[in-house]
Amino acid sequence: MIAIINYGMGNVKAFADVYKNLNIPAVIVRQADGLKYANKVILPGVGAFDHAMQRLQKSGMRPFLDEMVLHRHVPVLGICVGMQMLACSSEEGRLPGLGWIDGEVKRFKPSSIENPMRLPHMGWNNIKPLKSNTLLQGIDLDARFYFLHSYFFQGHGNEDIIAVTDYDGEFASAVNCENIYGVQFHPEKSHQWGIRLLENFAKI
């Protein structure tokens, strides 16, 4: 059973609909009791980093998620701000992140004053896999995904980065450290390739 965490930050119904269409058991979870029978977790997120961390803490699920992910090694997939929350900290706020992957979240900075980048990075873009990974299995090299963000995950080491995307320079668009996965884009809005990625996660 896949637990889709509902702490008020993210379009959880879109994920539930994808898995319903794939005939894969998934449930939207709003409190810790709902995590009892989960063998995988999806952590969505939109909006500001600190607000997301506060909402997750208030949900009462944080200690149970820590135990599942860090001690029982249950696979988890963080999406958009949910991926950023995997880090230790963010330039967007003051609160600590989950600290499940060693890294921090940075704000995009334009490389040229004459041609400043537009923020947020919004719309369709490619990802470039850096290594073979189950999460990205069967996804074409020209596959495009939907992005909406002004901050990005920066790992303290490159070993956790499994795909990058170019937006005035490359940034980590997918990460994996043991049972912990994250994608900066929105697979639930990315049509066939997003569906394939969510299906891949269900098979991990």
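Which residues does His186 touch, not counting residues up to four places away in sequence? The first legend gives the answer.

The views come from a predicted model, in which local features need pLDDT of at least 70, side-chain atom pairs count only at pLDDT 80 or more, and totals for chains, interfaces and linings use all residues. Residues are numbered from 1 along each chain as its sequence is written, and side-chain values use heavy atoms, with hydrogens and water left out.

**View 1. Surroundings of His186.** His186 lies in the loop between strand S13 (180-183) and helix H5 (191-203); helices (H or I, at least four residues) and strands (E, at least two) are DSSP runs, numbered from the N terminus. Not counting residues up to four places away in sequence, His186 touches Gly45, Val46, Ile79, Cys80, Tyr146 and Leu148, where contact means heavy atoms within 4.5 Å. His186 counts as buried because its relative accessibility is 4%; buried means under 20% relative accessible area, exposed over 50% and partly exposed in between, with a 1.4 Å probe and protein chains only. The side chains of His186 and Glu188 are joined by a polar contact of 2.8 Å. A polar contact is a pair of N or O atoms within 3.5 Å; within protein, one must be able to donate a hydrogen and the other to accept it, and residues adjacent in sequence count only if both atoms are side-chain atoms.

**View 2. Strand S13 and its partners.** S13 pairs with S12 (residues 170-177) in the antiparallel sense over four bridges, and four bridges also join S13 to the parallel strand S4 (residues 76-79). Two strands pair if DSSP finds at least two bridges between them. Val183 of S13 is the bridge partner of Ile79, and Gly182 of S13 is that of Val175. In a regular strand the side chains alternate between the two faces of the sheet. Both faces of S13 are covered, with Ile180 and Gly182 buried on one side and Tyr181 and Val183 buried on the other. The hairpin of S12 and S13 has two residues between the strands, and Glu178 there takes a positive phi near 55 degrees.

**View 3. Crossing of helices H1 and H5.** The axes of H1 (residues 12-21) and H5 come within 10 Å and cross at roughly 75 degrees. H1 is therefore roughly perpendicular to H5. Axes are lines fitted to C-alpha atoms, for helices over the stretch in contact, and angles run from 0 to 180 degrees between N-to-C directions. Angles under 35 degrees count as roughly parallel, over 145 as roughly antiparallel, 65 to 115 as roughly perpendicular and the rest as oblique. Phe15, Val18 and Tyr19 in H1 meet Ile195, Leu198, Phe201 and Ala202 in H5. By class, this contact of H1 with H5 has seven nonpolar, no polar and no charged residues. Ala, Val, Leu, Ile, Met, Phe, Trp, Tyr, Cys and Pro count as nonpolar, Asp, Glu, Lys and Arg as charged, and the others, Gly among them, as polar.

**View 4. Packing of helix H2.** The buried residues of H2 (residues 49-59) are Phe49, Asp50, Ala52, Met53, Leu56 and Ser59. These buried residues pack against strand S1 (2-5), S3, helix H3 (62-71), helix H4 (81-84) and strand S5 (89-90).

**View 5. Surroundings of Glu104.** Glu104 is found in strand S6 (residues 103-107) and is partly exposed, with a relative accessible area of 24%. Not counting residues up to four places away in sequence, Glu104 touches Ala87, Ser89, Phe152, Phe153, Gln154 and His156. From C-alpha to C-alpha, Glu104 and Glu188 are 25 Å apart in space, and they are 84 residues apart in sequence.

View 6. Most residues other than glycine have a negative phi, and most peptide bonds are trans. The peptide bond from Leu119 to Pro120 is cis, with omega near 5 degrees, and Pro120 lies in the loop between S6 and strand S7 (121-126). His73, which is not a glycine, has a positive phi of about 55 degrees. His73 sits in the loop between H3 and S4 and counts as partly exposed at 46% relative accessibility. Asp168 also has a positive phi, near 55 degrees. Asp168 is in the loop between strand S11 (161-166) and S12, and at 38% relative accessibility counts as partly exposed.
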